[in-house]
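Thanks for coming, everyone. I have one structure to walk through today. Please take a look at it first.

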Amino acid sequence: LVPQAAMSFRGRVVIRFNVHRNGYITDLQVLQPASIPALTNAALNALRLSNPTAALPPEYPADKVLFTVTFYYNEDPRSSP
């Protein structure tokens, strides 16, 4: 359960990482941390706990793909800069 106080936290975390052909996630890099460290840690842990993810499709031409993802906490992504 999420504590009620945490439900009011707002922030955004941007993370870059590679997904390899076998689905393993590597090279996690925080490009933009949240002002609340717990939000940054939660985003990193979400990725770590989903490792490995789905493998790349066989027809994908490279051995890995670079992703940049943004985690939004109590913010509307449509109103982000």
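**The sheet and its helix**

Start with the sheet. Three strands form an open sheet, in the order E2-E1-E3, and the pairing is antiparallel. Strand E2, residues 25-32, and strand E3, residues 64-73, are the edge strands. Each of these two pairs on one side only. Neighbouring strands in this sheet are turned against each other by 20 degrees on average, with direction ignored.

A word on the source: this is a predicted model.

Now the helix. H1 covers residues 37-49 and packs on the sheet. It touches E1, E2 and E3. The direction of H1 makes about 25 degrees with that of E1.

Step back to the whole protein. There are 1 helix and 3 strands. Along the sequence, the pattern reads β-β-α-β. The C-alpha trace spans about 45 × 30 × 20 Å along its principal axes.

Let's turn to the aromatic rings. How many aromatic pairs does the structure hold? The count is 1. The partners are phenylalanine 17 and phenylalanine 67. Their ring centres are 5.9 Å apart and their planes sit at 25 degrees, so the pair is stacked. The cut-off for stacked is under 30 degrees. This pair links distant parts of the chain: phenylalanine 17 is in strand E1, phenylalanine 67 is in strand E3, and they are 50 residues apart.

Are these two buried or exposed? Phenylalanine 17 has 6% relative accessibility, so this residue counts as buried. Phenylalanine 67 is partly exposed, at 36% relative accessible area.

One more residue: asparagine 18, also in strand E1. Its relative accessible area is 10%, so asparagine 18 is buried. What does its side chain make a polar contact with? The partner is the side chain of aspartate 27, at 2.8 Å. Leaving out residues up to four places away in sequence, asparagine 18 touches several others, including Tyr24, Ile25, Lys64 and Val65.

Last, some totals. The protein has 81 residues, and buried residues make up 23% of them. Take the contacts between residues at least 6 apart in sequence: 68% of those join residues at least 24 apart. The protein exposes about 5600 Å². Carbon and sulfur atoms supply 58% of that area.

That's the tour. Over to you.

How values were computed: Residues numbered from 1 in each chain as written. Predicted model: local features only at pLDDT ≥ 70, side-chain atom pairs only at ≥ 80, totals over all residues. Heavy atoms only, no water. Pairing = 2+ DSSP bridges. Helix = DSSP H or I, 4+ residues; strand = E, 2+ residues; numbered from the N terminus. Axes fitted to C-alpha atoms, helices over the stretch in contact; angles between N-to-C directions. Contact = heavy atoms within 4.5 Å. Phe/Tyr/Trp six-rings, centres within 6.5 Å; stacked < 30°, edge-to-face > 60°. Buried < 20%, exposed > 50% of the residue type's maximum accessible area, 1.4 Å probe, protein only. Polar contact = N/O pair within 3.5 Å; in protein donor to acceptor, adjacent residues only side chain to side chain. Areas by Shrake-Rupley, 256 points an atom, 1.4 Å probe, with all protein chains shown as cover.
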